[in-house]
Amino acid sequence: MNTQTDQPWVAQDAVVMKSHPAEPKSQSYPSQLPAWVPDLSIVIPAMNEEESLGTLHERLLDVCKRAKQRVEIIFIDDGSTDSTWLRMQSLAAQHAGTKAIRLRRNFGKAAALSAGFSIARGNVVVTMDADLQDDPEEIPRFLQSLDENSLDVVSGWKRVRHDPWHKVFPSRVFNAMVSGLTGVRLHDHNCGFKAYRHDVLGEVDLYGERHRFIPVLAAARGWRVGEIEVLHHPRVHGQSKYGLSRLGKGFLDLMSIYLLTGYARRPLHLIGSAGLLCFAAGSIGMIYLSIMWVLTRLGDGEALHLHATAVFYYCILAVLLGAQCVLAGLIAELIVSVSAARDRSLQSMQGGRLPAGVDTPTASFSRPSVLYSVSELAGFDAADGPSGDDHATAGTR
C-alpha cells in the first residue's frame, strides 16, 4: 500500500503544522490545600474577664492537645470596659485557630453566643464561661457522652455550686419550673457549660435571654438531649454579671419558650382554649343571672337588679375576653398558615434542600458573616487556621 497515494493528508498536515507555533507545555500547578477544619469549636462570651482569659486559653489548648482534637477557640467581647478586648487580640495574634469578636456594646449572652455560633465550624460546639468556674478538663467527657449515648446536646449539671445562696436557690426553683413545664428534664438549665453538634445550632434562633433554653428548643425539634455532672470552681477573678433582675426576664422567656415549643404551629389550641373557658364561664354566669332575674320577679321577694350586681359585669367581661381570645387565636392560625406557605414557596424557588454531600459546618470562608453589632474582629486570616496535622492549636502564628 502506497502511503503517499492513499493518505496524502498526512504530508499536508505535516507542512501545515510546521507553520504553527509550538504548543505550550502544560504547567503543573500545586493543588490548593483544603481549608483547615476543626473538630471542635469552643465559644466563650466574656465581659470584663481580662485576668482569666490567658489561663483559660492555655488550659483549653492543653486539654484539646491531649484529647487529640483540632480546636478553634472563639472569644466574644460583650461590651467590656476593661482590657478584655486587648487580651483577646493578643491571644488571637499569638495562637493560630484562636479568633475574637468584639460587640459594639453589651447585648447580652444570647447575642454573644449567636455571634460565636455564626462563625463556628467544628463538628461539635462547646460553650463555656470565661470566669474559670467551668473546668476545661470536662470537655473530653462532653465529647464522650455525645458519642457513646448518641446525643445531640449535652448540658452540664453543677451539682455542687460555689455560688451564694441567693443565686443557687432561685436557680433551682427556675430549673424545676422549666423541667416541669417543657418536659425536658435537666437539673441545671442555667449552666452555660454545654456541648452541641453543629447541626443543632442551625435550627435554634437566639435572642433575649433564650440561651439557657437551647436544650429545650433543640428537644422541640427532635434532637436528643442529655446531661452530665461537671465540676464548678469558685470565682477567682472579677464578679458575677447576673443579678436578681434576670429572674423576671427568665420567667417571661419561659412563657415564650413554652408557647413556641408546644404551640408554635397550633396557637389556637392554647389561646382558643383559654378563650373558650372565659366565654363559657361568662355565659354560664349570664344564664344564671337571667334565670334569677325572672324568678325573683315571679315571687314575693325583692327583685334582682342586674345593674346593681357586680357579678353581672364580671360575666360580661369574661364573655368579651373569651371572644377576643378566640379571635386572636384564629388570627394567629392565619399568620402561621401564611408563613408556612411563604416558606414553602421560598424553598421551592431556591431549589429545596441542600443537595446530598454538602457539608455546611466544614465549608470554608474568608470572612465571617455575623451579627450587625460586631465592631472588630481578630484572628481571621486567609488560611483561617493552622496547616498540617496538628491536633490542637498549640502553636503560635
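Student: What share of the contacts with a separation of 6 or more comes from residues 24 or more positions apart?
Tutor: This is a predicted model, where local features need pLDDT of at least 70, side-chain atom pairs count only at pLDDT 80 or more, and totals for chains, interfaces and linings use all residues. Numbering starts from 1 along each chain as its sequence is written, and side-chain values use heavy atoms, without hydrogens and water. A contact means heavy atoms within 4.5 Å. For residues 24 or more positions apart, the share is 81%.

Student: What percentage of the 397 residues count as buried?
Tutor: Buried means under 20% relative accessible area, exposed over 50%, partly exposed in between (1.4 Å probe, protein chains only). By that cut-off, the buried part of the chain is 40%.

Student: Are α3 and α4 roughly parallel or roughly antiparallel?
Tutor: Axes are lines fitted to C-alpha atoms over the stretch in contact, and angles run from 0 to 180 degrees between N-to-C directions. Helix α3 (residues 50-66) packs on helix α4 (residues 84-94) at about 20°, with axes 8 Å apart. Angles under 35 degrees count as roughly parallel, over 145 as roughly antiparallel, 65 to 115 as roughly perpendicular and the rest as oblique. So α3 and α4 are roughly parallel.

Technical notes:
Helix = DSSP H or I, 4+ residues; strand = E, 2+ residues; numbered from the N terminus.
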